Amino acid sequence: MAISVSAVVLLAIVLVVLHRSGRLNIWPATAAVLFGFFLASTGMAPAINRFLTAVAEAVSQITV
């Protein structure tokens, strides 16, 4: 759950920055948000969640 909330906040910040920089208009941003919303209710959602969790775990194990 914490990874999902962090990912949502990060992606929201990216969308706001792209919109403010003029590289993303409101309609494509709305389409991206709606696509994500509807994608979350499909059968792909658990697989995407597992993939993102695996990536987050791999990144957290990297030592510098």
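Visitor: How many aromatic pairs does a search of the whole structure find?

Guide: The search finds one aromatic pair. Rings of Phe, Tyr and Trp (its six-membered ring) pair if their centres lie within 6.5 Å; planes under 30 degrees apart count as stacked, over 60 as edge-to-face and the rest as tilted. Here the ring centres of Phe37 and Phe38 are 5.4 Å apart and the planes stand at 75°, so the pair is edge-to-face.

Visitor: Are Phe37 and Phe38 buried or exposed?

Guide: Buried means under 20% relative accessible area, exposed over 50%, and partly exposed in between, with a 1.4 Å probe and protein chains only. Both Phe37 and Phe38 are exposed.

Visitor: What kind of model is this?

Guide: This is a predicted model, where local features need pLDDT of at least 70, side-chain atom pairs count only at pLDDT 80 or more, and totals for chains, interfaces and linings use all residues. Residues are numbered from 1 along each chain as its sequence is written, and side-chain values use heavy atoms, leaving out hydrogens and water.

Visitor: Where in the protein chain is confidence lowest, and where highest?

Guide: pLDDT is the predictor's confidence in each residue, from 0 to 100. Its mean over the protein chain is 82, with 92% of residues at 70 or more. Confidence is lowest in helix H1 (residues 2–20), at a mean of 76, and highest in H3, at 87.

Visitor: What does the secondary structure come to?

Guide: Helices (H or I, at least four residues) and strands (E, at least two) are DSSP runs, numbered from the N terminus. The protein chain has three helices and zero strands, in the order α-α-α.

Visitor: What radius of gyration does the protein chain have?

Guide: That radius is taken over C-alpha atoms, and the globule rule is 2.2 Å times the number of residues to the power 0.38. A compact globule of 64 residues would come near 11 Å, but this chain has 14 Å. Its C-alpha trace spans about 35 × 35 × 15 Å along the principal axes, and buried residues make up 3% of the 64.

Visitor: Why does Ala29 count as buried?

Guide: Ala29, in helix H2 (residues 26–39), counts as buried because its relative accessibility is 10%. Ala31 is also placed in H2, but Ala31 is partly exposed, at 45%. From Ala31 to Ile13, 18 residues apart along the chain, the C-alpha separation is 16 Å.

Visitor: Which residues form a nonpolar patch on the surface?

Guide: The patch consists of Phe51, Leu52, Val55, Val59, Ile62 and Val64, with about 660 Å² of accessible area together. Leu52 sits in helix H3 (residues 45–60) and counts as partly exposed, at 40% relative accessibility. Patch residues have over 30% relative accessible area and no salt bridge; like charges are joined within 9 Å, nonpolar side chains (Val, Leu, Ile, Met, Phe, Trp, Tyr) within 5 Å. A salt bridge is a side-chain nitrogen of Lys or Arg within 4 Å of a carboxyl oxygen of Asp or Glu.

Technical notes: Areas by Shrake-Rupley, 256 points an atom, 1.4 Å probe, with all protein chains shown as cover.
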